[in-house]
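Me: I have a structure open and a few things to ask about it. Can we go through it piece by piece?

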Amino acid sequence: MIAKRERSKIERRLSAALTHACEQAKPQLPGFCWLTHEVDYQRFPESLVVTWVFDTHPHLANALKGEARRCINDLTAEALVDAGVDVGDAAKHLDLDSEEACQREHGGDWQRRLRTKPTRH
């Protein structure tokens, strides 16, 4: 089990590295809005999921393929390395979503949406 002090350090490093990835992505990925991460520290780092959020379904669909997907994978992998978090294949810790879907399915409540998404690991 990870001590509270160590969790705080990991959170600070993750937040800083993912914020940097977010800022790098905005000019490169049409419709990209923001990202967040969820983690259960009793199952860290296996439980870590980084969610990239796009404004609409068409922008999300575009992000799921080709160069955009590689960009997301690469930026996430770099951020995790910068944060000192070793997950192996960063692509296995990614989720992509859209504001449009959250609005339609959860009334725009991202906390509820992220809590109720199926566990990826």
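Me: Which residues do ring pairs link into a cluster?
Reply: F32, W52 and F54 are linked that way. Rings of Phe, Tyr and Trp (its six-membered ring) pair if their centres lie within 6.5 Å; planes under 30 degrees apart count as stacked, over 60 as edge-to-face and the rest as tilted. This is a predicted model, where local features need pLDDT of at least 70 and side-chain atom pairs count only at pLDDT 80 or more, while totals for chains, interfaces and linings use all residues. Residues are numbered from 1 along each chain as its sequence is written, and side-chain values use heavy atoms, with hydrogens and water left out.

Me: How many aromatic pairs does a search of the whole structure find?
Reply: The search finds 4. In one of them, F32 and F54, the ring centres are 5.6 Å apart and the planes are at 65°, so the pair is edge-to-face. It links distant parts of the chain, with F32 in strand β1 (residues 32–38) and F54 in strand β2 (residues 49–54), 22 residues apart. Helices (H or I, at least four residues) and strands (E, at least two) are DSSP runs, numbered from the N terminus.

Me: F32 and F54, buried or exposed?
Reply: Both F32 and F54 are buried. Buried means under 20% relative accessible area, exposed over 50%, partly exposed in between (1.4 Å probe, protein chains only).

Me: And what about the rings of W34 and W110?
Reply: Their centres are 5.0 Å apart and their planes at 85°, so this pair is edge-to-face. W34 is in strand β1 and W110 in helix α5, 76 residues apart. W34 counts as partly exposed, at 24% relative accessibility, whereas W110 is buried at 12%.

Me: Switching to the sheet. What is the strand order?
Reply: The order is β1-β2-β3 in an open sheet of 3 strands with mixed pairing. β1 and β3 stand at the edges with a single partner strand each, so one side of each has no neighbour in the sheet. Two strands pair if DSSP finds at least two bridges between them.

Me: How many bridges join β1 to β2?
Reply: There are 6, and the two strands run antiparallel. T36 stands opposite T51 in β2.

Me: Which helix lies across β2 and β3?
Reply: That is α3 (residues 66–82), running at about 125° to β3. α4 also packs on the sheet, touching β1, β2 and β3, and its direction makes about 70° with that of β3. Axes are lines fitted to C-alpha atoms, for helices over the stretch in contact, and angles run from 0 to 180 degrees between N-to-C directions. Contact means heavy atoms within 4.5 Å.

Me: Which residues of α4 are buried?
Reply: A101, C102 and H106, in a helix that covers residues 99–106. They span an arc of only 100° around the axis, which puts them on the same side of α4. The arc is that of the directions from the helix axis to the C-beta atoms. The buried residues pack against β3 (94–98) and α5 (110–116).

Me: Last topic. How many residues has the largest nonpolar core?
Reply: It has 31, and L14, L29 and W52 are among those with the most contacts inside it. α1 gives the most to this core, with 7 residues. Such a core is a set of buried Ala, Val, Leu, Ile, Met, Phe, Trp, Tyr and Cys residues joined through side-chain atoms within 4.5 Å.

Me: What is L29 in contact with, leaving aside its neighbours within four places in sequence?
Reply: L29 is in contact with W52, F54, A68, C71 and I72.
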